[in-house]
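Please look through the sequence and the structure below before reading on.

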Amino acid sequence: MTADFSVRHATLGDLGSIVELRLSLLREYRDHPMYGHLRPDAGPRAEELFRAQLMSPNETMFVAQSAGRLIGVMRCADTPVSPLLFPEHYCFVSSVYVRPDDRRRGVLRALLAAAESWCAERGIDEMRLNNVTESVAAHAWESLGFGVVEHVRRRALPPSAKSPTRPQTVAN
C-alpha cells in the first residue's frame with residue numbers, strides 16, 4: 001500500500017497549522033494533572049514559542065501532509081546531556097500529534113523515520129520522549145521500540161503569596 005501522505009521539515013509557513021495541531025494534543029489531555037491546565041491565551045503564546053522552535057538551529061519539526069493539509073507533527077530537539085554522562089547529546093522528541101482520523105495509517109512511523117534521519121545527520125544515537133502512561137500513545141511508542149526508563153513524579157504545593165493563582169482551565 002502506498003502512503004497518501006508525505007513527511008517533510010516544517011517551515012514558518014506551517015506555523016498556523018502547527019499551533020492548531022499542538023494545541024489539539026493538549027486538549028486531548030484536558031483531564032491530565034500536568035497538561036490539563038491550558039491557559040486562555042495559549043494560542044498567541046504557542047505561536048511565539050513554536051516560531052522560536054522553528055527558527056532554532058538545534059531543533060526541527062517534521063510535518064505529515066495529505067491533500068494539502070497537515071495531519072501530523074513531531075518536534076525534535078538536539079539536547080545536551082550532563083557533561084558527566086554519555087551520550088553527549090540526544091534527540092528529545094516532543095509534541096507529537098496525528099489527527100485522530102489519520103491515525104493507524106503509518107503517519108507516526110513515517111514522522112519517526114524522518115526524525116531518525118535527522119539524528120543520523122547530526123551524529124545523535126539516542127532518542128528520548130515523555131508520554132502519558134496508560135494511553136494509546138504509550139502503546140504506540142512501545143511498539144516503535146521506546147522503553148520506559150524512569151517515571152516523572154509530581155507533587156502540587158499549596159499556593160504561596162508569591163505564586164500566581166492558576167485561572168480556571170479553558171476546555172475548548
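A residue counts as buried when its relative accessible area is under 20%, as exposed when that area is over 50%, and as partly exposed in between, using a 1.4 Å probe and protein chains only. The model is predicted, and local features need pLDDT of at least 70, side-chain atom pairs count only at pLDDT 80 or more, while totals for chains, interfaces and linings use all residues. Residues are numbered from 1 along each chain as its sequence is written, and side-chain values use heavy atoms, with hydrogens and water left out.

**The sheet**

- Helices (H or I, at least four residues) and strands (E, at least two) are DSSP runs numbered from the N terminus, and two strands pair if DSSP finds at least two bridges between them.
- Five strands form an open sheet with mixed pairing, in the order S1-S2-S3-S4-S5.
- Strand S1 (6-9) and S5 each have a single partner strand and stand at the edges, so one side of each is left without a neighbour in the sheet.
- S1 and S2 run antiparallel and are joined by four bridges, and valine 7 has alanine 64 in S2 as its bridge partner.

**Strand S4 and its partners**

- S4 is mostly covered, since eight of its ten residues are buried.
- With S3, S4 pairs in the antiparallel sense over eight bridges, where arginine 75 has serine 94 in S4 as its bridge partner.
- With S5, S4 pairs in the parallel sense over three bridges, and valine 93 stands opposite leucine 129 in S5.

**The nonpolar cores**

- A nonpolar core is a set of buried Ala, Val, Leu, Ile, Met, Phe, Trp, Tyr and Cys residues joined through side-chain atoms within 4.5 Å.
- The largest nonpolar core has 24 residues, of which Met74, Cys91, Val93, Met127 and Trp141 touch the most other members.
- Two or more residues of this core come from each of strand S2 (59-66), strand S3 (69-80), strand S4 (89-98), helix H3 (107-122) and strand S5 (127-129), and H3 supplies the largest share, eight residues.
- Leaving aside residues up to four places away in sequence, cysteine 91 touches several residues, including Cys76, Trp118 and Met127, where contact means heavy atoms within 4.5 Å.

**A loop residue**

- Methionine 34 lies in the loop between helix H1 (15-28) and helix H2 (42-55), and methionine 34 is partly exposed, with a relative accessible area of 39%.
- Although methionine 34 and arginine 154 are 120 residues apart along the chain, their C-alpha atoms are separated by 8.3 Å.
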